[in-house]
Amino acid sequence: MTIGPIEILLFLSLFPVAATSAFASCSETVLFGLRQSEKEKLRRERPAAARRVDELLREPRALLVTVLFINMSANTLFFVISSGIILMSNASALVEFVFALFSLVVLVIAGETLPKLVGNVARLQLVGVLSVPMLLAHRVVGPIRKMLDVGIVSPLSRLVGVAPV
């Protein structure tokens with residue numbers, strides 16, 4: 001088994017990729033979990049954050065597509081990098097299997113489960129912080145989101161009988 005500088009850099013790159021997945025998962029829980037009373041409190045106490053939240057939630061389906069696009073992109077990249085590390089390591093089949101399983105568990109816990117739990121518990125504390133980068137990402141991903149909506153989401157919604165939102 002050989003571990004060189006490239007493998008180390010690839011391994012270290014998994015941390016920001018997992019953090020991106022965690023950001024998307026937590027943002028989804030925070031934004032879609034806000035109760036009306038929490039939105040009103042936000043408008044009174046932090047009007048700038050409330051405006052960002054209102055803009056993001058103006059089109060819930062578009063926001064969901066943005067969140068899912070970010071999350072799926074991060075998760076896919078995480079597994080591509082993990083696979084690259086495994087292929088480059090020349091490790092035994094058992095070590096490869098353990099690393100692959102470990103990668104999956106880390107992503108599920110650190111990228112999905114824990115961020116959703118934290119987001120659910122601390123919605124109001126996190127909404128101001130998360131809404132800034134999410135609004136930026138939502139705007140940047142806009143053209144891609146529109147293509148995904150027209151080419152995939154809307155046709156699938158019609159196919160399964162769900163009315164567009």
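Predicted model: local features only at pLDDT ≥ 70, side-chain atom pairs only at ≥ 80, totals over all residues.
The largest nonpolar core contains 21 residues. Within this core, the residues with the most contacts are Leu 31, Leu 42, Val 53, Leu 56, Leu 63, Val 127 and Met 134. Two or more core residues come from each of the helices α1 (5-33), α3 (47-57), α4 and α6 (123-140). Helix α6 gives the largest share, six residues. Apart from this core lies another, made of 10 residues, including Phe 78, Ile 85, Ile 86 and Leu 107. In soluble globular proteins, nonpolar side chains tend to be buried together.

The surroundings of Leu 63 and Leu 57 were examined in turn. With residues up to four places away in sequence not counted, Leu 63 touches Leu 31, Phe 32, Leu 56, Leu 57, Met 134 and His 138. Leu 57 is located in helix α3. Its relative accessible area is 18%, and Leu 57 is therefore classed as buried, since the limit for a buried residue is under 20%. Beyond its neighbours within four places in sequence, Leu 57 is in contact with Leu 31, Phe 32, Lys 39 and Leu 63. Leu 57 and Leu 31 are 26 residues apart along the chain, while their C-alpha atoms are separated by 7.6 Å.

A charged residue is also found away from the surface. Arg 145, in helix α7 (residues 142-160), is buried yet has no salt bridge. The nearest side chain of opposite charge belongs to Glu 59, 6.1 Å away; a salt bridge would require the charged atoms to lie within 4 Å. Apart from neighbours within four places in sequence, the contacts of Arg 145 are Ala 62, Val 65, Thr 66 and His 138.

A nonpolar patch of about 1100 Å² is made by Phe 79, Leu 94, Phe 97, Val 98, Leu 101, Leu 104, Val 105, Val 108, Ile 109, Leu 114, Leu 117 and Val 118. Helix α5 provides the largest share of the patch, 11 residues. Leu 117 is found in this helix. With a relative accessible area of 52%, Leu 117 is classed as exposed, because the class begins at over 50%.

The backbone at Asn 90 was also considered. Asn 90 lies in the loop between α4 (60-89) and α5 (93-121). Although Asn 90 is not a glycine, its phi is positive, at about 55 degrees. Most residues other than glycine have a negative phi. Asn 90 is exposed, with a relative accessible area of 57%.

How values were computed:
Residues numbered from 1 in each chain as written. Heavy atoms only, no water. Helix = DSSP H or I, 4+ residues; strand = E, 2+ residues; numbered from the N terminus. Buried < 20%, exposed > 50% of the residue type's maximum accessible area, 1.4 Å probe, protein only. Patch = residues over 30% accessible without salt bridge, like charges linked within 9 Å, V, L, I, M, F, W, Y side chains within 5 Å. Areas by Shrake-Rupley, 256 points an atom, 1.4 Å probe, with all protein chains shown as cover. Core = buried A, V, L, I, M, F, W, Y, C linked by side-chain atoms within 4.5 Å. Contact = heavy atoms within 4.5 Å. Lys, Arg positive; Asp, Glu negative; His and termini not counted.
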